[in-house]
Amino acid sequence: MAATLTAPAPAAPAAASRARRDRWRGRWAERWPLLPLLAIVALPALPSPAAGTGGGPEIGPADLASAVAVLVCAGRLLYLRRRPLTAVAALVLGLPAAGFAVAAVTAADPVAALPGLVRYLQVFVLVPAAVCLLLKDARDFRIVAGALVVLAAVQGVVGVHQYATGTGASYMGEEVRAVGTFGPSDIMGMATVAAYGLLAAAACALRAPRDAPVWLRPCAAAVAAALAVPLALSFSRGVWIATAAALLVVLALTGRRQALTTLAVLGATGVVLVGGFGIGSDMIAERAASVTQVARAPDRSVSDRYAMWSAAGAMWRERPAAGVGLKGFSAHRDSHASIGLSSGSDTAGAGQAFRRQPLLSPHNMYLLVLSEQGLIGLTAVVGSWAAILTGAVRRLVLARARGHAAVDCGLAAVALMAWQTVDFLYADIGGPTSVLTGVVLGLAAWWALAEPEKAAVAA
């Protein structure tokens with residue numbers, strides 16, 4: 001009987017599979033420095049023991065992740081000699097530190113101003129610089145921006161569920177305000193996160209990466225439209241205005257035809273969501289109408305905000321150069337505010353009992369800086385932000401003209417930076433989302449201050 005010879009199984013498929021695994025491991029081995037940044041994005045939604053209590057520093061898990069990111073940057077710079085900041089980037093990102101230092105040194109109580117100095121350096125200097133140093137290319141930018149979208153989607157689902165089941169924060173006597181996992185003590189948290197995710201998804205929908213799969217662009221558009229629902233249910237007027245302004249800016253930079261088409265789609269989506277399905281139509285309409293009534297018949301929150309703005313202006317006129325010192329607004333508020341200012345705002349719902357939240361800031365970042373740091377601090381901070389926004393717009397225009405593949409990164413950077421600068425007219429730092437402000441500034445700064453070729457080349 002003749003022996004039957006069995007041919008060995010081809011090794012090509014196994015070898016190809018191993019090669020793919022090796023490439024995947026190598027690709028992510030090079031991107032491990034992004035892990036602290038992804039942790040910064042993911043952790044703000046976790047509850048912080050000190051948040052909203054007003055007793056002690058608000059240090060949360062995201063703050064610890066930001067410290068890790070800064071340490072990773074320091075280690076890479078000291079031992080690996082990896083990509084130090086350019087002179088221009090160092091100047092733009094480090095300029096606010098000068099104003100912070102002057103305000104801390106000239107404060108009536110420098111020791112009490114020290115926590116404010118650390119917080120300001122973290123949010124406006126160290127975290128943005130860490131983002132700039134840890135991002136290597138456009139793919140890294142997209143990974144961090146994608147993490148913002150995922151966080152916004154998760155918080156949006158929780159927020160919509162809160163509205164639908166009546167388990168949200170108290171609003172007009174009903175527990176329907178969408179606040180996500182941030183709770184009523186940080187009612188702006190979910191709205192801020194939803195706005196970040198909406199703008200990042202909209203940038204991808206307007207100009208997807210060249211090598212992206214065909215389904216990415218419509219999915220990004222669907223996610224952006226879906227995030228408009230929890231954003232609307234947050235009932236945060238300042239966030240609505242900032243989001244609309246940021247979208248108009250990026251639409252103007254994408255071209256007239258695409259801008260008109262997108263505006264038509266957005267209008268139709270709004271009609272369907274609010275008019276067709278009736279998603280919070282009455283409350284949203286009333287809240288939107290109140291935007292035009294803030295001068296004629298302001299509600300209690302607007303009246304208190306006007307009083308705190310006036311107090312901030314009075315503090316600045318008293319010490320115009322260096323302000324009253326970091327963390328000094330709350331200490332000087334009562335001596336400069338009118339008698340019409342209430343002692344605090346009422347918060348309740350979303351699993352939290354009724355609580356009187358003290359008004360410790362003017363809810364305007366520019367006036368907060370002006371009152372606490374004077375003209376020196378305001379010039380340094382606003383000058384840095386203006387340089388980042390101007391550089392981001394300039395690089396985006398150049399990238400579009402030259403046909404670079406990372407225009408989506410530029411659109412996201414401009415949208416996020418424009419949103420932040422407008423939102424600071426109605427809000428300031430505070431709460432667990434403060435560290436996300438540093439990430440957003442870092443993303444915009446990376447696009448604005450990197451070499452044009454490095455910033456625009458797709459991975």
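Residues are numbered from 1 along each chain as its sequence is written. Because the model is predicted, local features need pLDDT of at least 70 and side-chain atom pairs count only at pLDDT 80 or more, whereas totals for chains, interfaces and linings use all residues, and side-chain values use heavy atoms, with hydrogens and water left out.

Two packed helices are described by the angle between their axes and the distance between the axes. Helix H3 (residues 61-80) packs against helix H5 (residues 110-134) at an angle of about 50 degrees, and the two axes are 9 Å apart; here axes are lines fitted to C-alpha atoms, for helices over the stretch in contact, and angles run from 0 to 180 degrees between N-to-C directions. Helices (H or I, at least four residues) and strands (E, at least two) are DSSP runs, numbered from the N terminus. H3 and H5 are therefore oblique to each other, given that angles under 35 degrees count as roughly parallel, over 145 as roughly antiparallel, 65 to 115 as roughly perpendicular and the rest as oblique. On the side of H3 the contact (heavy atoms within 4.5 Å) is made by Asp63, Ser66, Ala69, Val70, Val72, Cys73, Arg76 and Leu77, while H5 contributes Arg119, Gln122, Leu126, Val127, Ala130, Leu133 and Leu134. By class, this contact has ten nonpolar, two polar and three charged residues, where Ala, Val, Leu, Ile, Met, Phe, Trp, Tyr, Cys and Pro count as nonpolar, Asp, Glu, Lys and Arg as charged, and the others, Gly among them, as polar.

Rings of Phe, Tyr and Trp (its six-membered ring) pair if their centres lie within 6.5 Å, and planes under 30 degrees apart count as stacked, over 60 as edge-to-face and the rest as tilted. By this rule the count comes to eleven aromatic pairs. In one of them, phenylalanine 124 and tryptophan 385, the ring centres are 5.5 Å apart and the planes stand at 50 degrees, so the pair is tilted. Phenylalanine 124 lies in helix H5 and tryptophan 385 in helix H14 (residues 365-402), so the pair ties together parts that are 261 residues apart in sequence. Both residues are buried, a term meaning under 20% relative accessible area, with exposed over 50% and partly exposed in between (1.4 Å probe, protein chains only). Tryptophan 385 also pairs with tyrosine 366 in an edge-to-face arrangement, at 5.9 Å centre to centre and 75 degrees between the planes, and tyrosine 366 is likewise buried. One aromatic cluster is formed by Phe100, Tyr120, Phe124, Tyr366, Trp385 and Phe424.

Phenylalanine 235 lies in the loop between helix H8 (216-233) and helix H9 (237-254) and is buried, with a relative accessible area of 0%. Histidine 363, by contrast, is found in the loop between strand E4 (352-358) and H14 and counts as partly exposed at 28% relative accessibility.

Glutamine 420, in helix H15 (residues 407-423), counts as buried at 3% relative accessibility; residues up to four places away in sequence not being counted, glutamine 420 touches Tyr196, Thr437 and Val440.
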